[in-house]
Amino acid sequence: MEKKECPIGVFDSGMGGISVLKELYEVMPNENYIYFGDSVNAPYGTRPLEEVRHLTIASVKKLLDQGAKGIVVACNTATAAAVRHLRQMYPDVPLVGIEPALKPAALQPGHPAVLVMATPMTIQGEKFKRLKKQYETEADITGLPCPGLMEFVESGNTHGTDLQEFLSRLLEPYLGKTDAIVLGCTHYSFLRRQIRQLAGAGVRIFDGGNGTAREMCRRLTEAGLRSEHQGKGDITFLNSLPDEEEIELSRTLFQKYEPVFRIY
């Protein structure tokens, strides 16, 4: 297969990165994609840094071994733990990670109060601390670790009453005191509507999926690796759990996810 027609590899600790995959497909619908979710080891956000790094590097190698021409690490935790190392290992591969979309949230007028929902590891990590320090003069920034939240998406539960109760308990201390919410885990993008219902219409919600997709498009274009195929590309779903139900859930989540610019 000509390199241009090889797939773009997309990796996540589980199902969350499917939200980024959908954004990629909206930006580059003619490309082929191969998505790998490491659900057997999810969640990454409560694991030690070195373990997350090892798991991420191993999963990216699998995608490259299957012919991926570029890699999107569609997991905030994995990006923080491993992207710098991956770029050193594979300097010739277009490789994009995702990070909390704190910049556009913090640069809103009026010194906004910004709540960043993320995994414990992302909130505690040096990458987020540097990002927060960069914009702390522009906004009041609060990091909210959300252990247990991504598991709802992993099980396909994006609308249940137990999810609503979990979100209500999590967000109640911040309601009425927040101007913007940053979804710092790709799993949380599937819960955007539920979070908006609790936060209210006046609270803007940000995630990094569309920006990540556009950055990968830019890097592939610069490298001369954009597909010349005129029709819709193919999407292959893989998962570390050898269970057809996981693959079917992946397809279902891909179909139901609404890209950000369709909502706002």
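**Exercise 1. Determine which element gives the most to the lining of the largest pocket, and describe that lining.**

Step 1. Helix α3 gives the most to the lining of the largest pocket, with 9 residues. A pocket is defined on a 1 Å grid over the protein atoms alone as an open set of points with protein on both sides within 12 Å along at least five of seven lines, whereas a cavity is a set of points where a 1.4 Å probe fits but cannot get out; lining residues have an atom within 4 Å of a point. Helices (H or I, at least four residues) and strands (E, at least two) are DSSP runs, numbered from the N terminus.

The model is a predicted one, in which local features need pLDDT of at least 70 and side-chain atom pairs count only at pLDDT 80 or more, while totals for chains, interfaces and linings use all residues. Residues are numbered from 1 along each chain as its sequence is written, and side-chain values use heavy atoms, with hydrogens and water left out.

Step 2. At least two lining residues come from each of α2 (49–65), α3 (76–89), β4 (95–97), α4 (102–106), α6 (126–135) and α10 (209–222).

Step 3. The lining of the largest pocket has 32 residues, and Thr79, Gly97, Ile98, Glu99 and Lys127 lie nearest the centre.

Step 4. The largest pocket holds about 680 Å³ of space. A volume is the space filled by probe spheres set on the grid points, which are joined across faces, edges and corners.

Step 5. Sorted by class, this lining has 14 nonpolar, 8 polar and 10 charged residues. In this scheme Ala, Val, Leu, Ile, Met, Phe, Trp, Tyr, Cys and Pro count as nonpolar, Asp, Glu, Lys and Arg as charged, and the others, Gly among them, as polar.

**Exercise 2. Describe the second largest pocket and the largest cavity.**

Step 1. The space in the second largest pocket is about 180 Å³. Its lining has 11 residues, of which His159, Phe190, Arg193, Lys256 and Glu258 are the closest to the centre.

Step 2. Helix α9 (residues 192–199) supplies the largest share of the lining of the second largest pocket, 3 residues. By class, that lining has 3 nonpolar, 4 polar and 4 charged residues.

Step 3. A search of the whole structure finds 5 cavities of 30 Å³ or more. The largest cavity holds about 70 Å³, and among the 13 residues that line the largest cavity, Ser13, Cys75, Thr77, Thr119 and Cys185 are the closest to its centre.

Step 4. The lining of the largest cavity has 5 nonpolar, 7 polar and 1 charged residues by class.

**Exercise 3. Identify the residues with the most contacts inside the largest nonpolar core, and explain why helix α1 is largely enclosed.**

Step 1. A nonpolar core is a set of buried Ala, Val, Leu, Ile, Met, Phe, Trp, Tyr and Cys residues joined through side-chain atoms within 4.5 Å. Buried means under 20% relative accessible area, exposed over 50%, and partly exposed in between (1.4 Å probe, protein chains only).

Step 2. The largest core has 49 residues, and those with the most contacts inside it are Val10, Leu24, Met117, Leu149, Ile181 and Ile195. Apart from this core lies another of 21 residues, among them Phe11, Ile71, Val73 and Leu86.

Step 3. Contact means heavy atoms within 4.5 Å. Not counting residues up to four places away in sequence, Leu149 touches Met117, Leu163, Phe166, Leu167, Leu170, Tyr188 and Leu191.

Step 4. Helix α1 (residues 18–27) is largely enclosed by the rest of the structure because 8 of its 10 residues are buried. The buried residues of α1 include Ile18, Leu21, Leu24 and Tyr25.
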